[in-house]
There are 2 protein chains.
Amino acid sequence: MVRRARWVRPFGAEPGGAARADVPSVADLGGKGASLAEMAALGLPVPPGFTLPTALCSAYLGAGRKLPPDLDAEFDGALAELERTAGLRFGDAADPLLVAVRSGAPASMPGMMDTVLNVGLNDRTVEGLAQRSGDSRFAWDTYRRFIQMYADVVLGLDVDRFERLYEARRRDHGERPWSDAELRGVTTAFLDLAATESGAPFPQDPRAQLWGAIRAVLESWNSRRAVTYRRLRDIPDTPGTAVTIQAMVFGNAGDGSATGVGFTRDPATGAPAPFGEYLPNAQGDDVVSGTRTPRPLTQLGRIAIGGAEPSLEEAMPAVYGRLVAAFRVLEQRFGTMQDVEFTVERGRLWLLQTRSGMTSTTAALRIAADMAAEGLTTPEAALRRLDPASLGRLLHPSVPVDVKREVLARGLPASPGAATGAVVFTVEDAQAYAARREPAVLVLTDTSPRDIHGIHAAAAVLTSRGGATSHAAIVARSMGRPCVVGAGDVRVDAGEGRFTAAGRSVKRGDIVTVDGTSGEVSLGALPLERAALGGAFDTVLGWADRARRLRVRANTETPEDVRLAREFGAEGIGLFRTEYSFLAAEPLALMRRLILADGAAARADTLAALRPLLQASYTRVFARGGGLPITVRLLDLPLAAFMPHTPEEITEAARAARTTEAEVAARARALAEVNPVLGHRGCRLAISWPDLYAAQVRAILQAALEAEAAPQILVPVISSAAEFEVVHRNVAAVAAEVAKSSGAPPPYSIGAMIELPRAALEAGRLARTAEFLSFGTNNLTQATLGVSRDDAAAFLERYRRERILSGDPFVTLDTEGVGELVAGAVRRSREVRPAIEIGVCGEHGGDPDSIAFFHRAGLDYVSCSPYRVPGARLAAAQAALAD
Amino acid sequence: MVRRARWVRPFGAEPGGAARADVPSVADLGGKGASLAEMAALGLPVPPGFTLPTALCSAYLGAGRKLPPDLDAEFDGALAELERTAGLRFGDAADPLLVAVRSGAPASMPGMMDTVLNVGLNDRTVEGLAQRSGDSRFAWDTYRRFIQMYADVVLGLDVDRFERLYEARRRDHGERPWSDAELRGVTTAFLDLAATESGAPFPQDPRAQLWGAIRAVLESWNSRRAVTYRRLRDIPDTPGTAVTIQAMVFGNAGDGSATGVGFTRDPATGAPAPFGEYLPNAQGDDVVSGTRTPRPLTQLGRIAIGGAEPSLEEAMPAVYGRLVAAFRVLEQRFGTMQDVEFTVERGRLWLLQTRSGMTSTTAALRIAADMAAEGLTTPEAALRRLDPASLGRLLHPSVPVDVKREVLARGLPASPGAATGAVVFTVEDAQAYAARREPAVLVLTDTSPRDIHGIHAAAAVLTSRGGATSHAAIVARSMGRPCVVGAGDVRVDAGEGRFTAAGRSVKRGDIVTVDGTSGEVSLGALPLERAALGGAFDTVLGWADRARRLRVRANTETPEDVRLAREFGAEGIGLFRTEYSFLAAEPLALMRRLILADGAAARADTLAALRPLLQASYTRVFARGGGLPITVRLLDLPLAAFMPHTPEEITEAARAARTTEAEVAARARALAEVNPVLGHRGCRLAISWPDLYAAQVRAILQAALEAEAAPQILVPVISSAAEFEVVHRNVAAVAAEVAKSSGAPPPYSIGAMIELPRAALEAGRLARTAEFLSFGTNNLTQATLGVSRDDAAAFLERYRRERILSGDPFVTLDTEGVGELVAGAVRRSREVRPAIEIGVCGEHGGDPDSIAFFHRAGLDYVSCSPYRVPGARLAAAQAALAD
């Protein structure tokens, strides 16, 4: 066996030659290097070359910018082999080999690192190039381009000076063609400028040029823009970029030459026909620079835009035929649509790069369905490739990319989709608009649970405070309302009925558009579009449903949400947040009266009035549930959330409870908590106010009997088995009463919400009585990390910037910390009750990475907001396929 | 081997007879039964009898009040043996055996359960008793007493009717002695009354009486007062009470008879001489009822009170001699002072009970030291017996029990000790009093960190809100200021300069006394006393120091605390809360200016002014530390804590920062947090405001260099290793600067505070860089249980009442939940760095049960407030001895 070289990886040496290399790995060779090796191995035409692996970059940067000593010998061997394959010699004055030195990282970082083309040209080899090509102008123009690129990338000179010099010469020169001498003159001026600016003659030694270019590419890994790009996209800083040294081919070598980019299918629609652009007699950067308008690849493409210039299909039919044949080979190999860079040099096609193409979600679904039908991929492979998060975006209306907009403010994109409406500042106003069927955008400093009906009534929500998991964000997401939070520049003056942002004052009734996908808030009504869900959507999600083990349920607030959840394929309601039922106008008034009630009789009367209202709401929920499992969480609000705030509300509450306004205010003050999230809520309130919870449980069970449903009753804020047992007993007592009065025992099960670290540690003991467990991972994250969701924005952003956190732990589960508690709780509870049902009802249940963790942890289901259900189905399938 | 009886345990059958029984166990026999068996085994004179074990009570109550079928045969055997030993027969008309049926639980529950004496008397046996005793009046009086007691305890009749009947007869009768016939007449009237009230004749069958009495005693375990008593003292509800059936002896059998209670040493002072009281010709309940005044046991005791009646020592010298000899035997056996009940029947001494005596803490220490010196106990045994919590109380002034007081309000006893002072309502006022050296009592609705200097200036603190671990409580405890919190009836009107409570209005300057040991607040100056710490205190704590493995350090706020902590034997400062240094007037003003500062230059100037102030404070701390290890925690306050609240403060802050009052108010609003305890604090602020923390670290390190100290720098609010590494690097950078400017590298170590669940889970990774770990168990409990200390009062009290919690998790560590995180973190961190130093700086470090856990978990030290240090030293010794 031939010893594998440490630092060089040749490719495309000769047909089948690359088979000597290992299977190309993106981690080792970078995306570009790996794709070249792959294409060479497939027998496709690739200019020969070799790649220095990413490990070299680590070694170079780690050793204080020193190249390893054993590189030289391997490098010389690889270069000699390249010369042999190309039939040219590097630095040869008569017929020189020119090379491109290209960067290429394992993750796509388009344009972030450097490339140097045409390395090997100097005052002598330029003559050889002129001779060989028979095109002296081409040779001198190529030399000039090389000097400018080298001055920029390797010497670090100001590229504007070269461009200004060239522009000045062109202005002086006018429209007539350049003579050889004139072209030489410009090039000489470039050489002089480079020497003056750098303080040394421009390097004439091709080897020195080559090593300079290689070092520059390696160092571009740590350029400011590359570092910033990685930080923004969570791309790791190691190992670094690979460097590919490849024989130059010239799309600008006269007629019969061209350069272009082709997609194997239409990236916008997914339609199964080649798509792309090319430029005759041009180099790649001419396409990028936009100085010339590219032409369509295909005849159909030309007809579609009414173009006059011939397409590649028409201009070079043989070349086009070879390109389309190559497309087929690549799709077969990669199983998805490819994005290919190519050059034609004097009628000969060369492929320079291929990668899996970026497409719209609609196109991605169509491509997956079509290619599986065509036998080019399998459902499993196609499922792995799709992005679960994109499915949710597909379900929402969006602002087309090219729409002009006047952006008022940017905040955190908290709930996807876009909506237009009139600005309102109060819940009542939002409800008034909804009653008139006019869309409203609710603008608030921040939201509290009491705003829930306003969020429901509004078309979209904007807040100036809060993070991605603030109250407003969670509620808006679960209701599918577009929402932007934490728009710090928005100053809300609700009293005056206006807000200011970007120097504009926006008043009540003004129309704005909230884009919860991008986080932008714009003035006026922007046009919106929504993708049509076609057969491909159903095909792909059908595959996902067959592949996954995790069940997917939905978190909902209202009966309407339940219907929506089923439409998106939810297999049950993993969390019905009952707060909506409690905070409607009538129950809210009764809750206030209950809190202010004096004596047992007044309490009993109030609860008797409250119960039928709750029951009616649960009846609607069960009716829309269509027999699917429905988890109803017991009330999880602190009493303070019910108290009135405005003078009018206080007056009304005092009147209804036959007490004084001072007493109402005193009660509200007494109920206010320093840290409400760790306060008197959930099962704690269930234990201290058992009558209130008995009324709720009775409402649930009676509604369930009517609807023939078997609800799962979820007890929130549990921290010990003893607490759960108290509530468990109380619920059983109500069930016994219902059985006695109705003659039938109401079917139900009861479980504990694991949202505090101690509950996770206590899961074994909880499983003795709890029939199911549901992780409230939002709160569990909050308590485990000691980070208040409402206050975290002040430092979490900096944490992400400084890479103290790799992501937002409220978006993607912190598997090291919170995940350990989750996995431990699953183990402990299954030891006691092997068949216990375990799910997640925190919003992590809709996040693909978190879903992968929940799958591995052995959970039974995840539950997320309705719009995230399709993505969760896909992510659950991907998790199962990764096993 | 004789099969051990299941349900009966005989004792005192004959000299050495009890050796047949197993070693008496309190769990099996109850306290009384075990002490009788012990005394019998020691050969001391005990009336013979047998005990039905506690398991019988469980079985009886568990089986729906049914006695087990195999009891009868064993019982009959035991009764027969008792008859044989006593030489009398139960129910014998001529010479009847009478028995006492007594309760006795494993835990002391004095007077909470029932006892029936003289069982076996009826219309026939009373004649036999009269015959045998030669005292007809004694026999009939005893029968009457039995009827009343039986009617009360067994028949459940209203005892007042019997007493009213007896009083009426006595009134009619006058002063002359009763004739036999008259006594018989009263007794007959009692029998009639019992028959009328119960609707059945009074039971004449001695066996029926006996079983009735046994059942009544068993059932008294679940009487309301017994259940309440257990609940209040955390005594478990199982197994139940034992029942002792014992031959009656009569202290009221004429001259030469007596009954009394004796202590083997003086329970008030611990002086090594017998102490006690007796009554000639009386039964035990005569001593208890207080109708006759008991006489001193000893001649010295009589002389001390100037009594005229002879002491037992003088009246019955032989009996006294036997009693003192028995005292010696008991002290030898039990190793501590005994509290003994005895009866003398016609010159013969009988011991009825012995138990380890309750004493003052001063006496307990003296007794321990003396008895170890006398060879009656060992230091180890004495250490096990002492109550660590009592040591802390000893250090504080207290209100003598018998002082009359006018109680204004009761709250939670949050910081022990008592103090008197003038009522003030503001920090400034408290400081003004302190400047005049007049004591002040600071009265507030609740406290915030900004009140710290007021608490320090005040003699005592009273708040109307908050729990035992509220801010005020923690700070007051650490400073040794008596403190009562959560006195809900106190309505504070600081604006008017007064508070109202118990219908009184107390205004600024009025004198009150705050008793932080009892929770009482009284009007006026009450006399206070403080125990003198003698040699016994040092002797006992010297033993403790030799026995323990855990080191004990102190949590402190001020340089003065550091001195106090050393006086109480602290081996270092486990937590110096730096907040005190930041919140003094001058640093506070600078912090406000920093928060409001505009631009880098203004920040730098402000920090340059702040640093020397901090440094001076640390210099004082290190100077008083005397070379002991000192842990300085980095600033752990949210910025909001520094913001001004009153209009005057806002104006002043705006002036100092050259900004507007509106801007100050806006900044304060922006900094307010929804859940401050989970907010932007500790290391989070250290990362976002590195310049502020660099100033603090520089102040610490420069002060340390001056004082030749090697501080341990503690980083609070850590939730990940990545966070800790950032702060670690920043601190190292400051240390390098200090080394450069001073020429000497400042010695220090750096560690992480484990106060969030995730930090505990992350301890292994933390240990890679952290040189020590310190558990902040207050906050760790808060986050793990999801219970805000400031808001928990609303439900924790009910949780304790309903036994959902066995204790306050902020007082005694929740070993199941929080303890699991602690133990896991110790294990993980020691795997990575075996020699890592691990301590606790939460107030659990002063709680004996928690200290036992920390010892078992393998921690290196605990740290608590200075006044708790001696108790912690003792508790640590007890934990080591329990190994």
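Predicted model: local features only at pLDDT ≥ 70, side-chain atom pairs only at ≥ 80, totals over all residues.
## The five-stranded sheet of chain B

Let's start with chain B, where 5 strands form an open, antiparallel sheet in the order β10-β9-β8-β11-β12. Because β10 (295–296) and β12 (348–356) of chain B each have a single partner strand, one side of each is left without a neighbour in the sheet.

Tyr278(B) has Arg295(B) in β10(B) as its bridge partner. Helix α13 (residues 317–334) of chain B lies across β8 (258–263), β11 (338–345) and β12 of chain B, at about 30 degrees to β12(B).

## The eight-stranded sheet of chain A

Over in chain A, 8 strands make an open sheet of mixed pairing, ordered β13-β23-β22-β15-β16-β17-β18-β14. From one strand to the next, the twist averages 30 degrees.

Within this sheet, β15 (residues 418–424) and β16 (residues 440–444) of chain A run parallel and are joined by 3 bridges. Here Ala422(A) stands opposite Ala440(A) in β16(A). Helix α17 (residues 427–435) of chain A lies across β15 and β16 of chain A, running at about 120 degrees to β15(A). Helix α19 (residues 471–479) of chain A also packs on the sheet, touching β14, β17 (460–463) and β18 (483–485) of chain A, and its direction makes about 170 degrees with that of β18(A).

## A buried serine in chain B

Ser617(B) sits in helix α24 (residues 600–625) of chain B. Its relative accessibility is 7%, so Ser617(B) counts as buried. Leaving aside neighbours within four places in sequence, Ser617(B) is in contact with Pro559(B) and Ser581(B). With Ser581(B), the contact includes a polar one between the two side chains, at 2.7 Å.

Notes
Residues numbered from 1 in each chain as written. Chains lettered and ligands numbered in written order. Heavy atoms only, no water. Pairing = 2+ DSSP bridges. Helix = DSSP H or I, 4+ residues; strand = E, 2+ residues; numbered from the N terminus. Contact = heavy atoms within 4.5 Å. Axes fitted to C-alpha atoms, helices over the stretch in contact; angles between N-to-C directions. Buried < 20%, exposed > 50% of the residue type's maximum accessible area, 1.4 Å probe, protein only. Polar contact = N/O pair within 3.5 Å; in protein donor to acceptor, adjacent residues only side chain to side chain.
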